[in-house]
Every structure is written in C-alpha cells, then in structure tokens.
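I opened the coordinates today and kept notes as I went. The entries below follow the order in which I looked things up.

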Amino acid sequence: MLRVVKLGGSLHDSPWLTSWLDALAQAGGRVVLVPGGGPFADAVREAQRRCHFSDAAAHRLSLLAMEQYGLMLCDMEPGLLPAATPQMITDAIAHGRTPVWLPSNMCLGASDIPQSWSVTSDSLAVWLAHHLGAEAMALVKHGEGDAGDIRALADAGLVDSAFPGFAARYAKPIHILSHCAPATLYDWLAWPMAAPASSRQAHDACGYGQLKYIRKLPSAAAASSSPDVPAETG
C-alpha cells in the first residue's frame with residue numbers, strides 16, 4: 001500500500017539529509033515524497049515582506065518553492081523522480097521509483113486549498129495523501145516535541161493552521177518522524193496500519209489529535225505477535 005512522506009525544508013542544510021534521501025530512494029515503489037519549501041519558501045516570505053504582494057501570489061510562488069526544493073532533492077539522489085501529476089506518480093511507483101511531488105499542476109485552482117499562508121507543505125502533503133488514497137503519511141521534522149493533539153501542534157507552530165482540518169478529512173494515520181532518525185522510515189513502512197472503524201471515529205481521532213511523535217517504532221514482527229501493541233489510528 002502507498003504511503004506519503006513529507007520531508008521538511010528545514011533539512012536542506014542538515015547532515016541527515018543525504019541519509020533521508022537514500023532511505024526514501026530505497027523505499028521506491030512504496031512512498032511518495034512531498035518536499036517542503038526550505039530556503040526557497042523563505043525567499044518568498046522575504047520578498048512578500050519587501051514588495052507587499054498578495055497572499056494569493058505568495059501561495060503560487062510557494063508551490064514553485066516546493067518544486068525547486070523537490071528538484072534539488074532529485075538531483076542529489078538519482079533514485080528520486082519528479083512527478084507533477086497522478087499518472088506520473090503512478091508510473092514512478094509502478095517502476096519501483098520514489099516520486100517527488102511537484103504540486104503546482106494539481107494544486108493551482110483547487111477549490112479546497114486556500115491561497116494563503118495558513119496552508120503550507122504540511123497541509124498539502126495531507127491533501128495529496130487524501131487524493132491518492134494513501135494508507136498513512138508521515139512528516140519528517142526537526143524537534144523532539146511530545147506527542148500531542150493536532151490542534152496543539154498547529155498552535156505551537158509545528159504544523160500550519162489549516163493542518164487539523166486537512167487531517168480530519170484524510171482520517172488515516174499520521175505520524176511525525178524525527179529528522180535525525182532516517183532508519184525510522186524502514187520501521188514505519190513495516191508497521192501495519194489500521195483504519196478507524198467508522199468515518200465518525202476517524203474524524204474524532206484526527207480532530208482530537210491522535211498524531212504521534214515517533215522516535216523508534218517496534219518491529220513489525222513484534223507488533224504482529226503482541227496483542228498488547230495497538231495500531232495507530234490517526
């Protein structure tokens with residue numbers, strides 16, 4: 001089953017970046033990579049501050065910033081393949097590659113995506129996971145934040161303010177993986193996911209924030225052999 005991984009732009013100068021790219025390339029055929037905006041999005045923010053253009057224009061420029069970061073990652077790791085459409089994503093997955101989503105083609109004009117800073121690459125990653133029918137998604141981020149509800153994470157600035165709404169609609173497991181633990185990806189991919197029993201439970205699970213910070217998951221074998229280890233539910 002397909003999963004979505006959003007790689008934070010703040011990792012652009014991290015010593016862990018190449019290890020993450022290697023791990024994501026090794027996961028070819030199983031994941032779609034959503035790039036953050038990194039220094040390219042920071043440039044948009046600074047340009048808007050200086051030139052006073054609209055949030056709608058900044059939104060379009062930020063989509064391009066994600067594409068710049070994504071193309072940079074593809075150049076750094078040959079196992080990654082840029083993909084702008086659902087068909088390109090499907091083709092890359094079918095050939096055992098890891099597609100890196102270039103969002104402008106799918107996001108520009110989408111009525112359910114506000115053109116404002118309330119939506120960043122975090123929310124767009126959830127939006128993509130929903131549209132692709134991905135069974136789970138993960139955010140790779142800096143910080144050692146405690147597990148907490150999604151709205152609290154948004155209030156703390158760890159995700160954008162629109163994220164809780166997108167997560168509630170997605171209604172499938174979402175996890176945060178530590179930026180300094182690339183090997184966690186393998187365990188997360190092996191970890192079985194279980195959907196909530198009903199759409200209402202799914203909405204409540206996301207709305208009340210069963211979003212988990214993961215430093216290290218138990219092995220899939222341990223999970224399947226122990227009835228005391230619950231599957232993540234949102």
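**Entry 1: Ala129**

I began with Ala129, which counts as buried because its relative accessibility is 0%, under the 20% cut-off. The model I am reading is a predicted one. I placed Ala129 in helix α6. Setting aside residues within four places in sequence, I listed its contacts as Val4, Ala134, Met137 and Tyr170. I also checked Ala129 against Val5: they are 124 residues apart along the chain, yet their C-alpha atoms are separated by 9.0 Å.

**Entry 2: the whole chain**

I then stepped back to the protein chain, where I counted eleven helices and seven strands. Of its 234 residues, 50% are buried. I took the contacts between residues at least 6 apart in sequence and found that 76% of them join residues at least 24 apart.

**Entry 3: Ser123**

I returned to α6, which spans residues 121-132 and includes Ser123. Is Ser123 buried or exposed? I noted Ser123 as buried, since its relative accessibility is 0%. What does its side chain meet in a polar contact? I found the side chain of Asp160, at 2.5 Å. Beyond four places in sequence, Ser123 touches Ala162, Phe163 and Phe166 as well as Asp160.

**Entry 4: α6 against α8**

Two of those partners, Phe163 and Phe166, took me to helix α8, residues 163-170. I recorded that the axes of α6 and α8 come within 9 Å and cross at roughly 15°. The pair is therefore roughly parallel, and the crossing is left-handed. From α6 I listed Asp122, Ser123, Val126, Trp127, Ala129, His130 and His131 at this contact. On the α8 side they meet Phe163, Phe166, Ala167, Arg169 and Tyr170.

**Entry 5: the nonpolar cores**

Next I looked at how the nonpolar residues group. In soluble globular proteins, nonpolar side chains tend to be buried together. Here the largest nonpolar core has 34 residues. I wrote down the residues with the most contacts inside this core: Trp101, Leu124, Trp127, Leu128, Met137 and Phe163. Which element gives the most to this core? I found that α6 does, with six residues. Apart from it I noted another core, of 26 residues, including Ala27, Ala136, Trp188 and Met193.

Leaving out residues up to four places away in sequence, Trp127 touches Trp101, Met106, Cys107, Ala110, Asp112, Ile113, Phe166 and Arg169. Trp188, from the other core, sits in helix α9, residues 184-190. I marked Trp188 as buried because its relative accessible area is 0%. Its C-alpha atom is 8.8 Å from that of Leu177, eleven residues away in sequence.

**Entry 6: α2 against α3**

Last, I checked a second helix pair. Two packed helices are described by the angle between their axes and the distance between the axes. Helix α2 covers residues 38-51 and helix α3 covers residues 55-76. Their axes come within 8 Å and cross at roughly 155°. Phe40, Ala41, Val44 and Gln48 are the α2 residues at the contact. Their partners in α3 are Asp55, Ala58, Leu61, Ser62, Ala65, Gln68, Tyr69 and Met72.

Key: Residues are numbered from 1 along each chain as its sequence is written. This is a predicted model: local features need pLDDT of at least 70, side-chain atom pairs count only at pLDDT 80 or more; totals for chains, interfaces and linings use all residues. Side-chain values use heavy atoms; hydrogens and water are left out. Helices (H or I, at least four residues) and strands (E, at least two) are DSSP runs, numbered from the N terminus. Buried means under 20% relative accessible area, exposed over 50%, partly exposed in between (1.4 Å probe, protein chains only). A polar contact is a pair of N or O atoms within 3.5 Å; within protein, one must be able to donate a hydrogen and the other to accept it, and residues adjacent in sequence count only if both atoms are side-chain atoms. Contact means heavy atoms within 4.5 Å. A nonpolar core is a set of buried Ala, Val, Leu, Ile, Met, Phe, Trp, Tyr and Cys residues joined through side-chain atoms within 4.5 Å. Axes are lines fitted to C-alpha atoms, for helices over the stretch in contact, and angles run from 0 to 180 degrees between N-to-C directions. Angles under 35 degrees count as roughly parallel, over 145 as roughly antiparallel, 65 to 115 as roughly perpendicular and the rest as oblique. A crossing is left-handed if the near helix is turned anticlockwise from the far one by less than a right angle, and right-handed if clockwise.
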